[in-house]
Amino acid sequence: YEEAAKQFELAGDDMDALYARFLAESNRRDQPAESGLDPLLVQARERGYRRLEIAMLRMVAFRHYSRGDMPAYRARLEQALATALTAGDTSEQHVLELDLLNEDFLRGRFNSADRRMASLNNAPLQGDDAVWLSSFEATILANRGRFALAGKVLDQAEKRARAGNPGTQP
């Protein structure tokens with residue numbers, strides 16, 4: 001990573017140089033989960049690299065997750081979502097909402113999960129994202145004893161997946 005950072009600097013690309021160094025620190029288990037993040041976030045924001053800012057926040061969130069720090073995981077996901085909302089990046093908003101929906105689901109926050117699902121049901125999700133959303137919805141419905149509706153949600157998800165990918169298994 002350091003060699004890549006040096007090459008980026010030689011090419012006059014300080015942002016990618018910083019990002020390469022951030023990735024180097026990110027891959028070291030002996031470093032704090034947020035090592036090197038703050039200066040890079042400031043520079044990304046100042047230079048208008050909102051997607052990079054979102055990606056770094058999400059990466060750090062999942063580093064917290066892997067270390068078992070769930071409050072920090074959720075806080076960084078919510079920060080990334082706020083950044084995506086400010087930037088008007090609906091694609092990243094949907095990805096982050098799915099991450100937070102998973103967190104709501106795992107923590108048994110079904111009312112919050114319902115709100116997220118209602119929002120995401122209006123989003124143009126495709127592929128795995130659409131299947132994940134249907135899976136969450138069906139599981140919560142089944143958990144509430146609404147088995148027939150849960151089955152219907154899964155059947156519809158399968159039909160949509162097949163229509164979008166003819167000849168493949170969902």
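## Terms and basis

A residue is called buried when its relative accessible area is under 20%, exposed when that area is over 50%, and partly exposed in between, with a 1.4 Å probe and protein chains only. The structure is a predicted model, in which local features need pLDDT of at least 70 and side-chain atom pairs count only at pLDDT 80 or more, while totals for chains, interfaces and linings use all residues. Residues are numbered from 1 along each chain as its sequence is written, and side-chain values use heavy atoms, with hydrogens and water left out.

## Salt bridges across the structure

Side chains of opposite charge can pair when their charged atoms come close. With a salt bridge taken as a side-chain nitrogen of Lys or Arg within 4 Å of a carboxyl oxygen of Asp or Glu, a search of the whole structure finds 15 of them. Several charged residues are joined in a network of such bridges, namely R74, E78, E97, E103, D104, R107 and R116.

## The E2–R21 pair

E2 and R21 form a salt bridge through their side chains, with an N to O distance of 2.8 Å. The pair links distant parts of the chain, 19 residues apart, since E2 belongs to helix α1 (residues 2-10) and R21 to helix α2 (residues 14-26); helices here are DSSP runs of H or I with at least four residues, numbered from the N terminus. E2 has a relative accessible area of 39% and is partly exposed, and R21, at 24%, is partly exposed as well.

R51 takes part in a salt bridge with D89, in which the closest N and O atoms are 2.6 Å apart. Because R51 lies in helix α4 (residues 50-66) and D89 in the loop between α5 (70-87) and α6 (90-106), this pair ties together parts that are 38 residues apart in sequence. R51 counts as partly exposed at 46% relative accessibility, whereas D89 is buried, with a relative accessible area of 13%.

A salt bridge also joins the side chains of R51 and E92, at 3.6 Å from N to O. Here R51 in helix α4 is paired with E92 in helix α6, so that parts 41 residues apart in sequence are tied together. E92 is buried, its relative accessible area being 18%.

## The surroundings of T83

T83 is placed in helix α5, where T83 counts as buried at 3% relative accessibility. Leaving aside residues up to four places away in sequence, T83 touches R45, R50, E53, I54 and L57, contact meaning heavy atoms within 4.5 Å.

Note on methods:
Helices (H or I, at least four residues) and strands (E, at least two) are DSSP runs, numbered from the N terminus.
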